[in-house]
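Here is a short report on selected parts of one structure. Keep the sequence and the 3D view open as you read.

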Amino acid sequence: MQQIRWVWENMKGFQKSYIFALISTAILQIMQLINPIISQKIVDEVVYQLPKQQDNLKPLIHTLYVLVACMIGFTLLRTTLRYISMVVYENCGQKFLFNIKAELYDKLQSQDMKFYSNHRTGDLMTRLTGDLEMGKHGIAFISRCLLECLFLFVATSIYMFSKDVLLTLSLLAITPFIFWVTRLFSNKVGPYFVDLRERLSLLNSNAQENIEGNRVVKAFAQEAYEIKKFDEKNLDYRNANLKTTLTWLRYFPAVEGLSQALAIAVLLVGGYFMMIGRITAGTFLAFNSLCWTLCIPMRMLGMLLNDSQRFFASINKVIELYYSKPDIKNHPDAIVKTEKLQGVISFQDVCVSMHKTNILNHINLDIKAGETVAIMGSTGAGKTTLINCIDRFVDVTSGKVTIDGIDVRKYDLNTLRKNIGLASQDVFLFSDTIDGNIAYGDLSLSEDEVRHFAEISAADFIDKTSDGFQTIVGERGTGLSGGQKQRIALARALAVRPSILILDDTTSAVDLETEKFIQNSLANLDFPCTKIIIAQRISTTKRADKIVIMDKGNIIEYGTHEELLKQKGYYYEVYLLQNGISSLEQEVC
């Protein structure tokens, strides 16, 4: 099977250890027969010989001591070997879990924006946790138990056949019916586990989304609604779980009844054979003692098939993530540069389409190194998509974007993105210190350097926090205002001393005085930098070297502040609106 083959291929480095554990399991199941055989010998060679050897019991006592010593010795040996094999199984399972988690995490780090827009966070977390744990469960438990059942059944059957064929056949005649019932169960329950896995994913996604959006929930007093929504998904998951479990319970009486029939067959047939002298009392005792070795595999088979179906449903999800590939990736001959890029950017007839919708239409734009370019436009005009083409969060459908004359698709992604500082409108801060968040792009930054970039970003509020730069910010910046988070994000973008700085509406939540300070700081950076700023405030855009106005994926206006005012288009209307005037003449007055 594909799933088992994939698991085996990903156990490289400890496959030999796992084979040792499997062989140990086989040996252990064969050794299970030893004590019943010894018990048979004690009955036949000691107990039944007592009336004949009343005058000389020493040989019988010696034989009894030897047999009991052998029984104790084999029990200790079997216990020791079982302990070792269990340790090896668990060790192999944990190694598999560790390796695949690391591999999948690497996969997630290399995925592009399209991947994350198509996958729910809760589903991805389920794959990295519950699904992978099920894979480890398959290695450390399911495979071991299946092998135990197989060898225990086969070894017992062989031994019983060697003692009495007819009695053995009378027992084994029942087993095909048990196999048939468990096979029916396996076919029935398979789809249920796939459905159960999906419902768990939905439940986790709902919980994750609610936790992230807790402020919105509280702001609109929708706690009761969210609780109801979660309860519905929780109920769906519970019902799916019950449906799956009850499916096995419907087949369980048949399996249990047929398994118990083996013991009845031993008593009836075996007892009759012993009375007519066909088998000895010791043989009858051995059959009776080993009856459970036929019952247990039959009874466990349903549970193991149950777990196996869950294993396959989970591993399929893991494999799907394991083999997923990003659309945006490095070319084999990607250009790697250690020196800083100059920051000359050119959009050459760039078109971008997503979901069969044109986002950008034949964009042509040249930006010189060190220039500051502001981009304005209504919501959905394509501003963010335009800047996403620079760092390859989005690849162009046609045309090309070049930096320093080289197509961005030819750069190594690390080279490209290490030269770009980004502060997006959706600020994300890690659950770390303020210092750690600012130095995220360059962990070698000193405290003085972190403080310097915080000052440039007008993040003077940091010294007023409980522990200054060592203050732990909550997940996604909980505890900070929108403007405070924006300033930390700006400091983080500047801290890498980028060749290209992209600010996507980064100062929208700060006051005008702070914004003016930030603009002055950006205009006097101590390193060369091309700046692209998406903004809606005229106070932010008017000092730019060039201003680009976009609408429906097109550049409709282009020029300096003064030039755009003279065109009396979109920029002119926004200027009048934000200044509360009806004409430039009124402003002069």
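## The model

The structure is a predicted model. Keep that in mind as you read each value.

Start with strand S8, residues 530-534. How many of its residues are buried? The count is 5 of the 5. The strand is therefore largely enclosed by the rest of the structure. Both faces are covered. Thr530, Ile532 and Ile534 are buried on one side. Lys531 and Ile533 are buried on the other.

Strands of a sheet pair through backbone hydrogen bonds, and the pairing is either parallel or antiparallel. S8 pairs with strand S3, residues 372-377, in the parallel sense over 4 bridges. Strand S7, residues 500-504, also runs parallel to S8, and 5 bridges join the two. Look for leucine 503, which stands opposite isoleucine 533 in S8.

## Threonine 372

Threonine 372 sits in strand S3. Its bridge partner in S8 is lysine 531. Is threonine 372 buried or exposed? Its relative accessibility is 15%. Buried means under 20%, so threonine 372 counts as buried.

What does threonine 372 touch, leaving out residues up to four places away in sequence? The contacts are Lys531, Ile533, Ala544, Asp545 and Lys546.

## An open antiparallel sheet

Now turn to another sheet. Here 4 strands form an open sheet in the order S2-S1-S4-S5. The pairing is antiparallel. Which strands are at the edges? They are strand S2 (357-367) and strand S5 (406-407). Each edge strand pairs on one side only.

Strand S4 covers residues 398-403 and runs antiparallel to S5. The two are joined by 2 bridges. Threonine 402 has aspartate 407 in S5 as its bridge partner.

## Helices H15 and H16

Helix H15 spans residues 447-456, and helix H16 spans residues 482-495. Their axes come within 8 Å and cross at roughly 125°. That angle makes H15 oblique to H16. The crossing is right-handed.

Which residues meet here? H15 brings Phe453, Ala454 and Ile456. H16 brings Ala491, Leu494 and Ala495. By class, the residues of this contact are 6 nonpolar, no polar and no charged.

## Helices H6 and H7

Helix H6 covers residues 121-163, and helix H7 covers residues 165-172. Their axes come within 6 Å and cross at roughly 145°. On the H6 side, the contact is made by Phe153, Ser157, Met160, Phe161 and Lys163. On the H7 side are Val165, Thr168, Leu169, Leu171 and Leu172. This contact divides into 7 nonpolar, 2 polar and 1 charged residues.

## Lysine 340

Where is lysine 340? Look in the loop between helix H11 (281-322) and strand S1 (345-354). Lysine 340 has a relative accessible area of 46%, so it is partly exposed.

Lysine 340 and asparagine 419 are 79 residues apart in sequence. In space, C-alpha to C-alpha, they are 6.6 Å apart. Lysine 340 touches Asn419, and also Lys418, Val496, Arg497, Pro498 and Ser499, not counting residues up to four places away in sequence.

Key. Residues numbered from 1 in each chain as written. Predicted model: local features only at pLDDT ≥ 70, side-chain atom pairs only at ≥ 80, totals over all residues. Heavy atoms only, no water. Buried < 20%, exposed > 50% of the residue type's maximum accessible area, 1.4 Å probe, protein only. Pairing = 2+ DSSP bridges. Axes fitted to C-alpha atoms, helices over the stretch in contact; angles between N-to-C directions. Parallel < 35°, antiparallel > 145°, perpendicular 65-115°, else oblique. Left-handed = near helix turned anticlockwise from the far one by under 90°. Contact = heavy atoms within 4.5 Å. Nonpolar A, V, L, I, M, F, W, Y, C, P; charged D, E, K, R; others polar.
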